[in-house]
Each structure stands twice: as structure tokens, then as C-alpha cells.
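Me: I would like to go through this model by question and answer. Please keep each reply brief and end it on the value or name asked for.

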Amino acid sequence: MKRVRFNRIAAIVLRHFYLIRGSFSRLFPLFAWVAVDMVLWGFITRYLNVVTSSGLNFVPIFLGAVLLWDFFTRVMHGVTTAFFEDVWARNFLNIFATPLSIGEYLSGLVLSSIATSLVGLIVMLVLATAVFGLSFAGYGIMLVPFLLVLFLFGIALGIFASAIVLRLGPASEWFIWPIPALVSPFAGVFYPISTLPLWMQYFSRLLPPSYVFEGMRTVISGAAVSGSNLFWGGCLAVLYILFACWCFTRVYRHAVRTGLIARYSAETVS
Amino acid sequence: MIGIVMLTKALSIKDLRKTYGALVAVDGISFDVGHNEIVGLLGPNGAGKTTAINMVLGVLEPDTGTILIEGTDIAKRRSWVIERTNFAAVYAPLPGNLTVYQNLRIFGLLYGVADLPGRIEAVLREFDLGKFRGVKCGVLSSGEQTRVGLAKALLNNPRLLLLDEPTASLDPATSRDIRTKIREFTAQGSGGVLWTSHNMYEVEEVCDRVLFLSRGRILLEGDPKTLPGEHGKESLEELFISVAREGLEAG
């Protein structure tokens, strides 16, 4: 039985803290882009409330959806960015030649992501509520499982994306940044899943965020959210985390077997 | 307890082999590094020295063979073993976007160093890095970065220290200081050192024993001061050139 050493996990978190603290270009994106999203969608929803005669309040539907989606994106990017710091600094040989285990390394990335995504979440909450009047009273206690499922799926996708970059080399990071945009049409962030063609709906059912956004619209419409659906979304997210960790471990072992860790900048060892 | 530890070797390698496709990088080598011993691993470029070191560090998996550090198999208890090991290599500088102190603190935590603040101050003093503690490693000269790497390597008082061309980018005066420090490290503690270098003068001065590696095999082993004479050569450098050529021709 391997013993987890918290000092090693703390080292990964501390490294990320030092980097953010000393770099405006790392600190700024933590809150700037989500703030821009809040402002943009805040005005769009205000405009929609004025020009449509549907009687719908678009603020909780769209602005709330953007807030939740940006939170998910921040969590995923929080994990991948913490991982990319080792890619950018060509630090794999130093870091993986220490006693650090893969579990400890991934735990450090996840804790770094929690810290950075919380900054974004707080900024979004302040802007959405103070400037655009988004009220979370409408979501009630369901906001907690909504955020939890999105958080878990963000972690899963972040670890899986890191495994891809570890396997394919530094240039493959460009595959990673657009992943949330690729997922969003299937997740039904802005529209009910029933809007999608049937083949897309099958994919949606495999995505935990789709249960969150369906649930969010149900809550806003005043109906009761299906607890079992949301629970299934949470279970899927946990399954994906386990799968992502398995993938990362497999890729790491492949890198150790082939010598890629020691020659990572070469991208391949063949 | 100390007696039990001293019975084992700092490093014991047996039948270690690594291939990359058709290329045999390391071909069944076996050797030991004792406590308080500095062993030089010599050989031409591509001989397999760095491959061997990477396997000892656990970042490269051997095809076959065993690596025991302090008598414990790295394949079975990697974290425990690596906690007692450390390395410095000219091709693995510490992250340039962190300061000297930040790097030492992070790696001190990773290696589980006891009394970390005190230990950091000690290595900063030892390698004359005090004035650079708040400076980012990326703006240091290559020699200063090498000293930071060595400070990191000694942070956890390793039982096995792996040095891959540690003085390659240093001026002669600093190189001599580093050699003295590594000598002191083995004399004062009970750590063993595996040292690669292409500077035969340095090897002769610092190593207790040398291994000549060529095309993944150990061709010669012995005392660097007497080995050239035993093979009819005047100097270690002459012997190195001869062995490297013969190794290539044999290949």
C-alpha cells in the first residue's frame, strides 16, 4: 500500500501559487475572461428581456448557464494549465525523478485547479448578482449539486486532456483549449437537449453537464428536478474521473517505458 | 542501524538492459557504488551513460535487470528509494520561472526534507547562492544554474547522488570548488556518487573508481590513477580515446 505524502501534493500547489503570484499574465486570465463573459451575456439577456414578448426571464436561463459553463471550463483549464506549467518549463525530468507518485501529482493539479477556479467563480457570482441581478434563490439548494457535477466533470476532462498532451507532446496543447467549445453543443448549455437531433441526444446523455443544464432549466420553470437524473450525471462524472486517472497512469507508464519522460521536448522517441 | 545500512551498497545494478527498437542503449551492465565512494561512469557520447542514470532515477524502465538503492529494489518501492536519491544534470535545469529559494522549497517538499528552512539556508551557504535566493533561475548564468541544481541535489542529503556532467558549464575555479564539495559530501556522510564527465583530469582527481562504457557495455573498470598504466597508456584521456575507438570498431 503506497502512502500518500501531503507535503508532495503541497509542493505542486505551492509551485502553482508561486507562479501565479509572480506573474500578471497568469493572474489576469483567472478572472478577466469570465468577467467579460458575464458582462457580455448580462447585456444580451437584458436586451432579450426587453425585445421578446415571451415573458421569460433570460437572466437566470442564459446568464446562469454561462456562469455554470464558465465554472466548468475554469476547472478543466485549471488542471491543464497547472500541468502545462511543467510542459512549458521542461520540468518533467526534474519532477518525475522525485519521489512524487502519479496520484500525488494529479491531486496537486486538482487542488491547484480548485483554488484558481474559485477565483473565477467568485468574480462571476459578484458580477452576475450585483450588476445584472441574477438571483440564486431560484436555483435554491440545487446550485450545490449543479456545481459539484460540473466540477467533477471539469476535473475528469482536465486530467484526460493532460494525458493527451503527455502522450502526444507539447504541441498537442492546441487540441486541449477548444475542448469545452466542442462539448458545449452536446451539453445543452443554452437549449433543451430535445432541441438536438437524435444522434446528438445520445452523446448528450453521456455528458454529465447535460443533466445539470436540463436540471437548471427545470428549476427555473418551477418544476421539480429529477434527483435520479442528477445523481446519474454525478456518477458519470466520477466514472470519467476514474477513467481519466487510468488513462494518465497508462500514458505515464508508456512514457517511462519508452523514455519519453526524459526526452519530452522531442515529442516522440521514434 | 548504521552498520546494517553500510552492509548494503548505495547502488547495486545487475544485468541492466535497455533497447530502443533495434538500438541496444544499455547491454546487460552490472556494477556497484559503495558508500563514501565516487564512481566515474565514462564513455563517448551515446555510450549509454545517461540512459543508465535515467533508469536509476526511475524515469526510464529497464527491459531487464535490477536496480537496488540501499538494498531496496526501485521497481518495488520507488518513492522510498527515490527519497534517498537525488541528481543534477546539465540538461535538466530547474524551472527558470521560479526563484532559487522557491525551487529549493518546492523540491525540498517533494523529497520530504526535514527542517526544510534550515536545510535550504545550509545549501544556499554551501554553494554561495545566498545573494541569488530571490532571483529567478532563468536569469542566472549557466554556471550559477548548475550550482542551484547541485544545491537541489544535496538538499535531501541523498544516500545516492547521480551527477551527469555536473561541471560541464563551470569555469575551472568553480569546477574545483564543486569537486571539493562533492568530495566532502562523500567523506562526511555515507552517500555514494555516480559521476559522469568528459573531463578526464577531473575524473582522475575526484573518482575512486571508473567504469568505461561503450555501446552500452562496460569495457573496463578500475582505479583512475592506475588504470592507464595497466593498459599501457600514459593518461586517462589517452585510455578513454583508445577505449572509445576500440568500442566503436568492435561495434
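This is a predicted model: local features need pLDDT of at least 70, side-chain atom pairs count only at pLDDT 80 or more; totals for chains, interfaces and linings use all residues.

Me: What distance separates the C-alpha atoms of Leu40(A) and Trp246(A)?
Reply: Along the sequence, Leu40(A) and Trp246(A) are 206 residues apart. In space, C-alpha to C-alpha, the separation of Leu40(A) and Trp246(A) is 39 Å.

Me: How are α6(A) and α11(A) oriented to each other, roughly parallel or roughly antiparallel?
Reply: The axes of helix α6 (residues 143–168) and helix α11 (residues 227–258), both of chain A, come within 8 Å and cross at roughly 20°. Angles under 35 degrees count as roughly parallel. Therefore α6(A) and α11(A) are roughly parallel.

Me: Is the crossing of α6(A) and α11(A) left-handed or right-handed, and how many nonpolar residues does the contact have?
Reply: The crossing of α6(A) and α11(A) is left-handed. By class, the contact of α6(A) with α11(A) has three polar residues and one charged residue, and the nonpolar residues number 23.

Me: Which element gives the largest share of the side of chain B that touches chain A?
Reply: The contact takes 26 residues from chain A and 24 residues from chain B. On the side of chain B, the elements giving two or more residues are α2 (49–57), α3 (78–82) and α4. The largest share is five residues, and it comes from α4(B).

Me: How many residues on the side of chain B that touches chain A are nonpolar?
Reply: Two residues on that side of chain B are charged and seven are polar. The nonpolar residues there number 15.

Me: How does α1(A) run relative to α4(B), roughly parallel or roughly antiparallel?
Reply: Helix α1 (residues 6–21) of chain A and α4(B) have axes that come within 7 Å and cross at roughly 160°. That angle makes α1(A) and α4(B) roughly antiparallel.

Me: Which residues of α4(B) meet α1(A)?
Reply: The crossing of α1(A) and α4(B) is left-handed. The residues of this contact divide into seven nonpolar, two polar and two charged. From α1(A) come Asn7(A), Arg8(A), Ala10(A), Ala11(A), Leu14(A), Arg15(A) and Tyr18(A). They meet Gln102(B), Ile106(B), Leu109(B) and Leu110(B).

Me: Is Gly58(B) buried or exposed?
Reply: Gly58(B) sits in the loop between α2 and β4 (64–69) of chain B. A residue counts as buried at 20 or more other C-beta atoms within 10 Å. Gly58(B) has 22 C-beta neighbours inside 10 Å, so Gly58(B) is buried.

Me: Which residue of chain A does Gly58(B) touch?
Reply: Residues up to four places away in sequence are not counted here. In chain B, Gly58(B) touches Ile74(B), Arg78(B) and Ile82(B). In chain A, Gly58(B) touches Ala97(A).

Me: How many residues of α6(B) are buried?
Reply: Helix α6 (residues 142–154) of chain B has 13 residues and reaches 19 Å from its first C-alpha to its last, close to the 18 Å expected. The helix is mostly covered. Among its buried residues are Val148(B), Leu150(B) and Leu154(B). Of the 13 residues of α6(B), the number buried is 11.

Me: Which elements do the buried residues of α6(B) pack against?
Reply: The partners belong to chain B. They are β6 (85–89), α4 (100–110), α5 (116–126), β7 (160–164) and α7 (172–188).

Notes. Residues are numbered from 1 along each chain as its sequence is written. Chains are lettered from A and ligands numbered from 1 in the order in which they are written. Helices (H or I, at least four residues) and strands (E, at least two) are DSSP runs, numbered from the N terminus. The expected span of a helix is 1.5 Å times one less than its number of residues. A residue is buried if 20 or more other C-beta atoms lie within 10 Å of its own, exposed if 12 or fewer, and partly exposed in between; C-beta atoms are placed from the backbone. Two residues are in contact if their C-beta atoms, placed from the backbone, lie within 7 Å. Axes are lines fitted to C-alpha atoms, for helices over the stretch in contact, and angles run from 0 to 180 degrees between N-to-C directions. Angles under 35 degrees count as roughly parallel, over 145 as roughly antiparallel, 65 to 115 as roughly perpendicular and the rest as oblique. A crossing is left-handed if the near helix is turned anticlockwise from the far one by less than a right angle, and right-handed if clockwise. Ala, Val, Leu, Ile, Met, Phe, Trp, Tyr, Cys and Pro count as nonpolar, Asp, Glu, Lys and Arg as charged, and the others, Gly among them, as polar.
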